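User: I have a structure open and want a quick tour. Can we start in the sheets and then go through the charged pairs?

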Amino acid sequence: MRLSIAEALRKAIHDEMQRDEKVFCIGEDIGIPGGFGGAFTVTLGLEKDFRERIIDTPISEIGIFGTACGAAIMGMRPIADVQYGDFIFCAMDQVVNQISKLRYMSGGKIKVPVVIRAPVGVTGRGAQHAQCIEPYFISCPGIKIVAPATAYDAMGLLKSAVRDDDPVLILEHKLLYGSKGIRAESGGIDASSEIPDEDYIVPIGKGVVRRKGKDVTVIGFLLMMHYNLQAAKILENDGIQCEVIDPRTLYPLDLPLILNSIRKTGRVVIVEESPKQGGIGAEIGVQVAENISDYLLAPITRIAAPNTPAPFSPTLEKFYVPQPEKIADTIRTLIKEY
């Protein structure tokens with residue numbers, strides 16, 4: 001069957017709740033009969049089968065993550081929903097100081113298997129509902145970060161996250177959900193996949209080559225992975241072959257996959273939606289430089305948003321978020337100069 005990311009996430013949660021009675025969901029408006037099923041329909045209808053394990057909370061991120069932390073310590077496996085990734089900053093003490101640290105501080109005696117679902121990305125809602133939050137958490141030891149760009153990966157990574165004994169932050173891009181009806185996102189693109197009938201997981205820490213090429217390695221995740229594929233298609237007409245890599249997991253990063261590709265192409269372009277300053281591109285770029293600088297034929301190149309908050313104007317949004325044409329132009333220039 002073919003599912004959108006929202007549908008794949010919903011089925012993954014349903015499967016995991018059916019498989020393990022310790023799994024439960026907690027968040028704002030996630031199980032109200034007649035409601036949306038969370039902000040983007042991911043939990044729509046789950047309360048019909050799991051009424052006692054779909055917990056609606058007051059508007060209190062501190063309460064959501066404090067409860068999730070305590071429940072995880074006591075052996076439960078909570079899936080916590082923050083509606084918008086921006087709102088997780090209201091609960092940074094619970095997430096960064098407690099959930100992410102307690103396993104280390106207890107010498108491994110305490111497990112904190114909390115899954116954090118965080119919608120991210122620019123979608124016409126202004127600066128406080130548009131942030132890509134991964135740069136804030138990449139420097140937080142103790143928490144894994146996954147970023148699925150397809151429905152197949154969304155289902156497999158969420159199942160891996162639920163079964164992991166460490167906390168896992170799953171980033172979900174609003175333009176990739178494929179939500180329907182009143183929650184459909186303007187400008188969304190198709191990230192649906194054929195989903196097999198049998199149970200499967202996508203291992204945390206394993207990236208994938210989405211398109212093979214010999215001239216340049218292009219790295220991007222979530223929406224930028226799709227834009228990179230579009231840019232690679234544009235560059236076909238110029239005879240430029242891009243190798244497009246989707247890391248799928250930002251921490252732990254599949255560095256061997258990335259380095260092997262760059263050893264082959266000699267060039268690397270890293271594309272991200274968050275501001276360039278202190279971004280994932282900076283982290284990946286420096287790891288490339290530390291390991292295989294002798295293989296590089298050209299400078300490590302980053303394409304990212306400007307160092308400003310996300311704008312509200314649709315015109316400015318399009319300038320702010322790297323577009324396929326801009327990615328293609330940058331790669332074209334890089335190949336020409338080096």
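Analyst: Happy to. This is a predicted model. Strand E4 (residues 77-81) and strand E5 (residues 115-120) run parallel and pair over 3 bridges.

User: Which residue in E5 is the bridge partner of Asp81?

Analyst: Arg117 is the partner of Asp81. Further along the pairing, Ala80 stands opposite Ile116 in E5.

User: And how many bridges join E2 to E4?

Analyst: Strand E2 (residues 23-27) is joined to E4 by 4 bridges, and these two run parallel. Phe24 stands opposite Pro78 there.

User: How many residues of E4 are buried?

Analyst: In E4, 5 of its 5 residues are buried. Both faces are covered. Arg77, Ile79 and Asp81 lie on one side, with Pro78 and Ala80 on the other.

User: What is the strand order in that sheet?

Analyst: The order is E3-E2-E4-E5-E7-E6-E12. That makes an open sheet of 7 strands with mixed pairing. Strand E3 (54-56) and strand E12 (249-251) are the edges, and each pairs on one side only. Neighbouring strands in this sheet are turned by 20° against each other on average, direction ignored.

User: Now H4. Which of its residues are buried?

Analyst: In helix H4 (residues 92-99), Gln94, Val95, Val96 and Ile99 are buried. Their cover includes helix H3 (61-73), helix H5 (102-105), E5 and helix H6 (134-137).

User: Next, the sheet with E9 in it. What is its order?

Analyst: E9-E11-E10-E13-E14. It is an open sheet of 5 strands, again with mixed pairing. Its edge strands are strand E9 (208-211) and strand E14 (301-305), each pairing on one side only. The twist averages 25° from one strand to the next.

User: How do E10 and E11 pair?

Analyst: Strand E10 (residues 216-219) pairs with E11 in the parallel sense, over 4 bridges. Ile219 has Ile245 in E11 as its bridge partner.

User: Which strands does H8 lie across?

Analyst: Helix H8 (residues 223-236) lies across E9, E10, E11 and strand E13 (268-275). H8 runs at about 170° to E11.

User: On to charges. How many salt bridges are there?

Analyst: The structure holds 25 salt bridges. One of them joins Asp15 and Lys159, with the closest N and O atoms 3.0 Å apart. Asp15 sits in helix H1 (residues 5-19) and Lys159 in helix H7 (residues 151-163), so the pair ties together parts that are 144 residues apart in sequence.

User: Are Asp15 and Lys159 buried or exposed?

Analyst: Asp15 and Lys159 are both buried. They also belong to a network of salt bridges that links Lys11, Asp15, Glu16, Arg19, Lys159, Arg163 and Asp199.

User: What about Glu243? Which residue does it form a salt bridge with?

Analyst: Lys264, with the closest N and O atoms 2.6 Å apart. This pair links distant parts of the chain, 21 residues apart: Glu243 is in strand E11 (residues 242-246) and Lys264 in helix H9 (residues 255-265).

User: Why does Glu243 count as buried?

Analyst: Buried means under 20% relative accessible area, and Glu243 has 4%, so Glu243 qualifies. Lys264 counts as partly exposed at 48%.

User: And Lys214 with Asp215? How do their side chains meet?

Analyst: In a salt bridge, 3.0 Å from N to O. Lys214 is partly exposed, with a relative accessible area of 48%. Asp215 is buried at 14%.

User: Back to H9. At what angle do the axes of H9 and H10 cross?

Analyst: Roughly 65°, and the axes of H9 and helix H10 (residues 280-292) come within 11 Å. The crossing is right-handed. H9 contributes Leu255, Ile258, Leu259, Ile262 and Arg263 to the contact. From H10 come Ile284, Gln287, Val288, Asn291 and Ile292.

User: What is Leu158 in contact with?

Analyst: Leaving aside neighbours within four places in sequence, Leu158 is in contact with Leu9, Ala12, Ile13, Val115, Asp153 and Ile170.

Terms used. Residues numbered from 1 in each chain as written. Predicted model: local features only at pLDDT ≥ 70, side-chain atom pairs only at ≥ 80, totals over all residues. Heavy atoms only, no water. Salt bridge = Lys/Arg side-chain N within 4 Å of Asp/Glu carboxyl O. Buried < 20%, exposed > 50% of the residue type's maximum accessible area, 1.4 Å probe, protein only. Contact = heavy atoms within 4.5 Å. Pairing = 2+ DSSP bridges. Axes fitted to C-alpha atoms, helices over the stretch in contact; angles between N-to-C directions. Left-handed = near helix turned anticlockwise from the far one by under 90°.
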